[in-house]
Amino acid sequence: MISLDLLKLGEAIHGSEKEKEILSILEKRLKNDNKRIEVKTKEWVINNFSVKLNGKEVTSSLAPYTKGYVKGKVGREILAFPFPDHPFKVKDFYSYALSQGAEGIIFYEEGKIRRIIMPDVKIPVIFLPFKPEGYVEIEAESFLRDSTSYNLEFTIKEGDDYILLGAHVDHWLSGFHDNLFSIDVVLNSLTEVKNHGLKVVFFSSEEGPKCCTGSLQHPKDDIFTAIILDALYPSRVVYSSTPDLWDFAGLFPLKRIEMPTPFSDHFSFVQKGIPSLVLYNDDLIPYYHSDKDLPNSRDEKFLTEISESVKLLLHELDKLSMKDLNERMSKFGERKFVVDYVNLTTSFAISSNSLGPRLKSP
Ligand SMILES: [Zn+2]
């Protein structure tokens, strides 16, 4: 598994030299025709970071993209919270702490540090692998700077239009399942298609600011469907897709089917009207964006299983035209979605005939 080699490189922050190192390794590894597609992105640079607890330096991680200096007592100037049961809830603790006049925030969790993006950068926020007591001093200098990176595109088979199979390569901390493992799944899922072309794309900067992701900047004119692998974890998948592809969910070991979530690289394609899906698994939550997102004993078997499922999906999609997918879509509604960025979901847009199909008398 190439993911095990890439894991040794360590954290690959969006837009960084490490991200480009992963891409150049993949460039050498695949023999097919490839093309670099330039991406204007941001690199998060940590210039200086240290945390002292009662005068002693301790292991810690800085929350993107926070910065600043604070020295104070836990429970007074600095508020500490146990890491919540869902990573997306940290923003609520952040707002609460600010409302209480906190000058710094600590999230603690036994044996683990994380990188979860905060809603803004007013005060420094850190993650600690234990519950802190006493006096803490945080020094954090970090900033986002303009950077150029690239998506790496391989043409596996030429065609008039393409099925795109993709995964991002940038990752927070160890990032094994989010998202090095998906690189192996992509490489293992290559199969022969007849009617459409097939492209593989390794994306830059998925974890970075929404403005600047690699998938947003990727050319989409000749894309028939996009299949994205992101944060896979043994042994099942959340099938998050435009409804025209729901019929194929049964090809996978399934946790649930859902409307396309407005995160990950498939969403740039969804917003261009392209039938798209992302396969992920929120069973990863206990390790998500932490230094404990590491290989486990079930990965190898899961890699074989999921790659077989992706191959079957590619064969099924290859049999279809855009007209076929539009017909599948029209069973549900129009190809127009409303995005809820708070709950991270989408729903059908309400339009004049959106209730049409369901109100027909029997
Ligand atoms: Zn990811």
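Visitor: How many residues does helix α2 have, and how far does it reach?
Guide: Helix α2 (residues 17-29) has 13 residues and spans 18 Å from its first C-alpha to its last, close to the 18 Å expected at 1.5 Å a residue, where the expected span is 1.5 Å times one less than the number of residues. Helices (H or I, at least four residues) and strands (E, at least two) are DSSP runs, numbered from the N terminus. This is a predicted model, in which local features need pLDDT of at least 70, side-chain atom pairs count only at pLDDT 80 or more, and totals for chains, interfaces and linings use all residues. Residues are numbered from 1 along each chain as its sequence is written.

Visitor: Which residues of α2 are buried?
Guide: They are Glu19, Lys20, Ile22, Leu23 and Leu26; buried means that 20 or more other C-beta atoms lie within 10 Å of a residue's own, exposed means 12 or fewer, and partly exposed is in between, with C-beta atoms placed from the backbone.

Visitor: And what do those buried residues pack against?
Guide: The buried residues of α2 pack against α1 (2-7), β8 (135-157) and β10 (197-203).

Visitor: Switching topic, where is His289, and why does it count as buried?
Guide: His289 is in the loop between β14 (276-280) and α6 (299-318), and His289 counts as buried because it has 24 C-beta neighbours inside 10 Å.

Visitor: How far apart are His289 and Trp172?
Guide: His289 and Trp172 are 117 residues apart in sequence, and 5.5 Å apart in space, C-alpha to C-alpha.

Visitor: Last one, how is the protein divided?
Guide: Into domain 1 (2-43 + 146-338) and domain 2 (49-142), with bounds from an automatic or database domain assignment, and their C-alpha centres lie 32 Å apart.

Notes: Contact = placed C-beta atoms within 7 Å.
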